[in-house]
Amino acid sequence: MHTVYIFLTGPMVWVSLLILVFGLIGKFIYLTSMAKKRDPWIFNYFQFKYAIKSILIWLVPFATMNMRRNPVMTVVTFVFHICLIIVPIFALAHVIMWEEAWGISWWTLPETVAVTMSFLVLGGILFFIIRRMKLPEARYVTRVQDYFILLIVALPFLTGLLAYYQIFNYQLMIILHVAAGHIMLIAIPFTWLSHLLLFPMLRGYVGSEFQGVRNVKDW
Amino acid sequence: MSEAATAAKIEDPGLDQGVEKLTRDQIQSTILKVVNQENSARLRAMVGTCVSCGLCSEACHYFMSYDRNPYYAPVGKVKETLWEMMSRNGMVSKEFIRRAATTAYTECNLCKRCVHFCPFGIDTAYLMTVVRRICHLLGVTPQYLQDTCHSHSATFNQMWVKDDEWIDSLQWQEEEARDEFPGLRIPLDKEGSDIMYSVIAPEPKFRAQLIYQAAAIFQVAGSDWTMPATPGWDNSDMAMFSGDAEMMGRLKKKHYEAARRLRVKKIVMGECGHAYRSVYDMGNRWLGFKDMPIPIIHAIQFYCELLRAGKIKVASRITELCTFHDPCNTVRGMGLHEMGREVARAFCPNMVEMHPNREHNYCCCAGGGVINCGPPHKMTRVLGNRIKAEQLKATGAKIIVAPCHNCHGGLEDIVHHYKLNMKIKFLGDIIYEHMQKPGAVE
Amino acid sequence: MPKKLAYLMGAIAITVFFLAPALYSQTDMTHVIEDAYPSKERPPSVFPHDEHTYEIAEEFDLDGMSDCYFCHHYDGPDQDHMDMSVGIPCSDCHPVDPVDPDVTALTMAYHELCKGCHIQEKAGPIACGECHVR
Ligand code: SF4
Ligand code: SF4
Ligand code: SF4
């Protein structure tokens with residue numbers, strides 16, 4: 001227990017973060033240099049203001065036509081993503097561990113809020129799973145890996161809650177929780193979870209292309 | 001593969017005979033070449049980022065019209081083509097290529113409506129062009145479409161119009177028009193004019209009346225214009241849609257060069273959507289031009305400028321209820337929706353919008369070379385655009401204004417099949433009929 | 001010396017003798033008792049005091065009550081560990097939210113002390129819920 005826990009909350013954090021950061025940086029460099037070589041016009045057309053505008057608009061709930069057409073999906077998606085990002089960064093226990101390790105600390109979520117948000121993440125995933133199973137157009141294109149990725153995202157939150165409430169074997173649960181977190185971080189650069197990076201990149205391109213060249217909005 | 005899609009296999013010699021001679025090696029090396037060498041980050045990013053949420057589905061008129069069959073959803077089409085090709089590293093069968101070609105050529109109009117729906121802006125139209133490119137290199141292209149491409153290669157126009165026939169057609173229309181406007185000319189090869197007017201080959205071939213109308217408008221507006229007597233006069237580009245990028249480039253070069261040779265200030269294009277796409281979007285990029293090497297404007301812009309400048313004036317108005325169809329290539333391509341409406345409204349005060357409209361308009365289902373795939377595939381697109389028929393019907397309009405040739409073809413078939421009893425008009429039709437015509441004999 | 005006084009002194013001495021250990025050993029202390037937190041996010045940490053004093057005495061074999069210094073430290077001018085903070089609430093020196101950045105905050109003080117030792121000794125709880133048991 002001691003050794004595993006200390007490894008997972010110590011050196012392994014570096015491993016995961018480095019894989020995450022360098023994976024994404026590598027991906028960015030790979031894609032941009034490849035585009036420079038074969039689709040150089042992407043850079044000729046790229047305009048920062050349109051890229052930013054496109055990214056921002058697609059980050060505002062109900063700002064785009066398709067978001068308004070799918071209100072339930074829009075609400076779930078936004079709540080899900082906000083919770084997914086906020087909870088790991090601002091959960092009390094996480095911040096305390098940053099502080100113990102690196103002496104830096106920041107604002108934390110009240111525990112009840114963090115717990116609620118974690119439930120929302122799980123609820124969102126449940127919604128996505130059911131949607132993928134029930135909605136024909138989603139079901140048709142859903143691959144096994146899509147469920148698998150949802151599972152990867154769900155596990156840190158599921159185990160996190162179980163550990164928080166100390167249900168089942170706490171020691172096992174906390175180790176599973178930390179391990180699941182690492183798996184998620186490491187999976188980001190290698191699966192479509194990388195839309196964390198690709199969302200702004202693609203929107204930047206599409207925004208420049210549509211607003212800049214085609215003279216028409218892209219939302 | 002969905003049953004609905006394969007149930008009625010449409011026979012097309014171009015596709016059927018095309019796949020027969022393929023070998024697995026050839027398929028694989030071609031796919032790998034297109035996917036890994038010709039295409040780049042854009043393809044990888046778009047295929048890799050798709051979270052398969054299906055949110056793009058309702059963008060596609062095929063999906064909406066075929067009872068929400070997910071096979072026709074934009075992402076469904078990508079799944080049926082590129083996902084398989086890429087995940088199997090190009091190891092796909094002949095039958096797969098046959099099916100992929102049908103999907104890419106006849107079940108997607110490259111209308112880019114789905115780009116507006118996808119949170120990541122994944123451009124299924126672009127992905128389908130990649131598939132078409134693969135099919136073109138494999139020699140698996142719909143026969144009718146390929147025929148227009150052969151024509152492009154041999155004659156630099158889409159309809160096998162011979163050089164003398166072209167000149168004959170213009171002179172014939174000039175003669176006709178002189179009955180109405182004595183002294184009217186269709187200036188051929190007049191170097192140093194302000195404007196070179198370019199059209200698509202179906203105009204001299206089937207709809208010469210349109211050239212007459214354009215000449216009348218130029219005449220009334222007092223424009224200094226010309227049409228080239230040599231190849232380059234046809235601005236259409238089916239090679240762009242078949243996947244023959246090399247030929248697309250040659251065609252556009254010819255078109256730009258004709259304008260250069262005539263030392264004109266700008267090119268005005270007839271009311272055609274895809275030709276416009278080929279000059280500002282695809283052809284120019286292939287040739288390495290960031291923008292068009294010479295200013296080119298679509299007829300919508302040109303008419304709008306003439307109206308604003310008072311060079312053409314409204315004589316009479318259409319009282320019937322009209323609606324405006326936004327051609328994908330002029331709205332999602334150049335944002336010309338307001339200009340188009342401005343011109344239409346000047347003559348048709350009684351306008352009703354179809355919904356959705358402007359940059360979110362449903363495609364006519366003819367574009368992207370689909371109508372050019374010919375009679376075998378006609379019902380695919382007519383049945384594939386029931387949604388447009390419903391949209392049109394809901395307006396209650398009697399006249400559809402559609403400033404695009406392909407749209408006319410597509411809409412006519414839809415209007416006929418769904419018994420909508422609507423007339424379809426070009427802006428040029430309306431302007432010609434309802435503008436003041438000083439100097440015309442009654 | 002009057003007899004009475006001698007008895008009294010004797011009684012006091014006996015009382016002190018018997019009470020002293022009772023004063024410093026916290027026989028019934030099972031959890032950290034800390035009133036400094038305005039609100040408690042987690043349940044109080046499990047902390048059987050005497051098990052710790054016993055362990056420390058066994059392991060380090062320190063003299064008498066200087067064992068206490070191990071946790072009840074009193075840093076500052078006293079480098080000889082003569083003064084201890086026994087009886088002084090931790091939060092007196094380690095406020096929940098210290099103004100001076102050099103002062104260790106209360107939570108960190110506890111964590112560093114408890115968890116630090118547990119990690120070093122490879123014994124005792126180190127994950128959140130192991131101490132803050134529900
Ligand atoms: S909306 Fe975009 S991400 Fe979702 S399935 Fe369609 S293409 Fe993929
Ligand atoms: S037809 Fe239009 S909406 Fe449908 S997939 Fe093709 S580009 Fe997208
Ligand atoms: S024919 Fe018209 S509506 Fe159809 S794809 Fe072309 S521009 Fe779009």
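This section describes the domains, a sheet, a ligand shell and the chain interface of a predicted model. Residues are numbered from 1 along each chain as its sequence is written, chains are lettered from A and ligands numbered from 1 in the order in which they are written. Local features need pLDDT of at least 70 and side-chain atom pairs count only at pLDDT 80 or more, while totals for chains, interfaces and linings use all residues; side-chain values use heavy atoms, with hydrogens and water left out.

Chain B is assigned domain 1 (3-141), domain 2 (147-297) and domain 3 (313-434), with bounds that come from an automatic or database domain assignment. The centres of domain 1 and domain 2 of chain B, taken over C-alpha atoms, are separated by 32 Å. Contact (heavy atoms within 4.5 Å) involves 8 residues of domain 1 of chain B and 10 residues of domain 2 of chain B. Between these two domains of chain B, about 680 Å² is buried, with 46% given by carbon and sulfur atoms; buried area is the accessible area (1.4 Å probe) that two parts lose on being put together, summed over both. On the side of domain 1 of chain B, Leu110(B), Arg133(B) and His136(B) lose the most area to domain 2, together 57% of what that side buries.

An open sheet of 4 strands in chain B has the order β2-β1-β3-β4 and parallel pairing. Helices (H or I, at least four residues) and strands (E, at least two) are DSSP runs numbered from the N terminus, and two strands pair if DSSP finds at least two bridges between them. Strands β2 (225-226) and β4 (296-298) of chain B form the edges, each pairing on one side only. Strand β1 (residues 195-198) of chain B is joined to β2(B) by 2 bridges, and Met196(B) has Thr226(B) as its bridge partner in β2(B). Across β3 (266-269) and β4 of chain B lies helix α15 (residues 273-287) of chain B, at about 155° to β4(B); axes are lines fitted to C-alpha atoms, for helices over the stretch in contact, and angles run from 0 to 180 degrees between N-to-C directions.

Ligand 2 is surrounded by 14 residues, the closest being Cys60(B), Cys108(B), Asn109(B), Cys111(B) and Cys114(B) (a residue is near a molecule if one of its heavy atoms lies within 4 Å of it). Helices α6 (74-87) and α8 (124-138) of chain B each give two or more residues to this shell.

The contact between the chains takes 43 residues from chain A and 52 residues from chain B. Together, chain A and chain B bury about 4,200 Å², 58% of it on carbon and sulfur atoms. Glu137(A), Tyr140(A) and Arg214(A) supply 18% of the area that chain A buries against chain B, more than any other three residues.
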